[in-house]
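Open the model in a viewer, colour the chain by secondary structure and follow the stops below. Each stop says what to select and what is there.

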Amino acid sequence: MDSTCFCIKCRKKVPYILKTRTIELRIHGDILECDEVFATCKKCGIELYIPEINDINVKLRNDAYQEHFINRHVDAFRISKDF
Ligand SMILES: [Zn+2]
């Protein structure tokens with residue numbers, strides 16, 4: 001796998017470092033936390049845009065939304081069963 005990408009600041013292809021951070025997503029008044037992957041230039045440290053990493057983040061967000069909705073439905077089901 002190619003682990004270099006074009007850096008707009010260095011103006012050349014550079015090796016990058018992958019990191020993760022936690023971001024907050026707002027959905028219907030709820031805030032849920034989701035991990036996000038991002039890449040930084042090994043030379044200058046700026047964040048780089050890599051389409052493949054963007055795709056991974058879209059998937060991670062979708063998973064977080066789905067998990068959120070499943071948990072909500074399970075909670076609603078539990079509450080309704082209590083009555
Ligand atoms: Zn750079």
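**A tour by selection**

Select alanine 39 and leucine 48: alanine 39 stands opposite leucine 48 in β4. This is a predicted model, in which local features need pLDDT of at least 70, side-chain atom pairs count only at pLDDT 80 or more, and totals for chains, interfaces and linings use all residues. Residues are numbered from 1 along each chain as its sequence is written.

Stay with these two strands. β3 and β4 (residues 47-48) pair in the antiparallel sense over two bridges; strands count as paired if DSSP finds at least two bridges between them. Helices (H or I, at least four residues) and strands (E, at least two) are DSSP runs, numbered from the N terminus. Now select the turn of this hairpin, which has five residues between the strands. Glycine 45 takes a positive phi near 90 degrees there.

Next, select β2 and β3. They pair in the antiparallel sense over twelve bridges, and threonine 20 stands opposite valine 37 in β3. Two residues lie between β2 and β3 in their hairpin. Histidine 28, in that turn, has a positive phi of about 45 degrees.

The four strands form an open sheet in the order β1-β2-β3-β4, with antiparallel pairing. β1 and β4 are the edge strands, each pairing on one side only. In a regular strand the side chains alternate between the two faces of the sheet.

Select cysteine 41, in strand β3 (residues 30-41). Is cysteine 41 buried or exposed? Cysteine 41 is buried, because 20 other C-beta atoms lie within 10 Å; the cut-offs are 20 or more for buried, 12 or fewer for exposed and partly exposed in between, counting other C-beta atoms within 10 Å of the residue's own, with C-beta atoms placed from the backbone. Not counting residues up to four places away in sequence, cysteine 41 touches Cys7, Lys9, Cys10, Val14, Tyr16, Ile46 and Leu48. A contact here means C-beta atoms, placed from the backbone, within 7 Å.

Tyrosine 16 is in contact with residues including Ser3, Cys5 and Thr40, leaving aside neighbours within four places in sequence.

For contrast, select arginine 11, in the loop between β1 (4-7) and β2 (12-27). Arginine 11 is exposed, because 8 other C-beta atoms lie within 10 Å. Its phi is near 60 degrees, a positive value in a residue other than glycine.

Finally, zoom out to the whole chain. The elements run β-β-β-β-α from the N terminus on. The radius of gyration is 18 Å, well over the 12 Å that the globule rule gives for 83 residues, so the protein is more spread out than a compact globule; the radius is taken over C-alpha atoms, and the rule is 2.2 Å times the number of residues to the power 0.38. Along the principal axes, the C-alpha atoms fill a box of roughly 65 × 25 × 15 Å. Buried residues make up 6% of the 83 residues.

Conventions: Contact = placed C-beta atoms within 7 Å.
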